[in-house]
Amino acid sequence: PIGHLRGKVVFITGASSGIGECTALALAKNGVKLILTARRREELERVKRKCIEVSQNQLTQNDVLVIPMDVTDLSLHRKNWDYAVRHFGKVDILFNNAGRSQRALFETIDIAVDRQMFDLNTFSVINLTRIAVNYFNSVGGGHVAVVSSLAGVIGVPFSSSYDATKHAVHGYFNALRAEKIGRNLAVSIICPGPTFTNFLSESFTNTIGQKYGKNVQSTDKRMTGERCGQLCAVILANKIRESWVALSPLIFFT
Ligand code: NDP
């Protein structure tokens, strides 16, 4: 169901691991050209090699562009977006995926941590999306997607800052969709449930996190990053408006 994306160009944030990497691979298998961004250059180069390999000669070195960047440095967004457009002659889809979590009791969290979470999970998404939407307006259309979370829909314990950042992203994308109804811009909000990536283990940084993490591990029913990446590729290809990707069943709101 995603073959018609062949030859399209997708700009991915957080492409160096997890859901971003797996979505890149699912797209590459179908000949989609890619811009891979994240902070770790070596990991991006590794993902690039894998993308070319799984594409089975559909993609060459030139069809996968690696751009290392810290997405919280907003001053890099326009420069890197324009660089990608110059390289490929166009970008068709922005896939906002970079993000991280933090597990802690609400009353123990420092406001500085809340701000860091918002910088990465919300403000970087808004800023890059605005640049993309302005570009898409100038070329007659496009598609912006964001990886939110089930935590952007419900409240998850020990996850207050993260939940807030994802609820905010939901609000922005819903408003963007409402503003653009009838115009040629597709808006997708993707809400994965717990998924096997580095993400959760990295967020278990304190006692509560470790305790909670053990509980998660012992009853683990998370879906794989590969499965989530495949579903994200399907969502992009079909311009699905909102999807909950939880514990394998995929619920679409179209
Ligand atoms: P990973 O930790 O595997 O991937 C996170 C990605 O974000 C990495 O590529 C990382 O690359 C990148 N990233 C982190 N910080 C920055 C930064 N400052 N600048 C640029 N890139 C950055 O986790 P997932 O794949 O699980 O997470 C991807 C998205 O999925 C996130 O938005 C997360 O909130 C969401 N999600 C995940 C769920 C899960 O259970 N795994 C559930 C629901 C939503 P690098 O370190 O190289 O910069």
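Helices and strands are named here as DSSP runs, helices (H or I) having at least four residues and strands (E) at least two, numbered from the N terminus; the model shown in all views is predicted.

**View 1. The span annotated as a ketoreductase domain.** An unreviewed UniProt entry lists residues 8-195 as "domain: Ketoreductase". In the predicted model, this span is 46% helix and 19% strand, and its end C-alpha atoms lie 27 Å apart.

**View 2. The packing of helix H1 against helix H2.** Helix H1 (residues 18-28) packs on helix H2 (residues 41-54) with the axes 8 Å apart and at an angle of about 25 degrees; since angles under 35 degrees count as roughly parallel, the two helices are therefore described as roughly parallel to each other. The crossing of H1 past H2 is right-handed. H1 contributes Glu-21, Ala-24, Leu-25 and Ala-28 to the contact, while H2 contributes Val-47, Lys-50, Cys-51 and Val-54. Sorted by class, the residues of this contact are six nonpolar and two charged, with no polar ones.

View 3. Asn-57 is found in the loop between H2 and strand S3 (64-68), and its phi is near 75 degrees, a positive value in a residue other than glycine. Because 8 other C-beta atoms lie within 10 Å, Asn-57 is classed as exposed.

**View 4. Phe-158 in the loop between S5 and H5.** Phe-158, placed in the loop between strand S5 (142-147) and helix H5 (160-180), has a phi near 65 degrees, which is a positive value in a residue other than glycine. Phe-158 counts as buried because it has 22 C-beta neighbours inside 10 Å, the cut-off for a buried residue being 20 or more.

How values were computed: Residues are numbered from 1 along each chain as its sequence is written. This is a predicted model: local features need pLDDT of at least 70, side-chain atom pairs count only at pLDDT 80 or more; totals for chains, interfaces and linings use all residues. UniProt positions are given in the numbering used here, feature names are shortened, and annotations may be inferred rather than shown by experiment. Axes are lines fitted to C-alpha atoms, for helices over the stretch in contact, and angles run from 0 to 180 degrees between N-to-C directions. Angles under 35 degrees count as roughly parallel, over 145 as roughly antiparallel, 65 to 115 as roughly perpendicular and the rest as oblique. A crossing is left-handed if the near helix is turned anticlockwise from the far one by less than a right angle, and right-handed if clockwise. Two residues are in contact if their C-beta atoms, placed from the backbone, lie within 7 Å. Ala, Val, Leu, Ile, Met, Phe, Trp, Tyr, Cys and Pro count as nonpolar, Asp, Glu, Lys and Arg as charged, and the others, Gly among them, as polar. A residue is buried if 20 or more other C-beta atoms lie within 10 Å of its own, exposed if 12 or fewer, and partly exposed in between; C-beta atoms are placed from the backbone.
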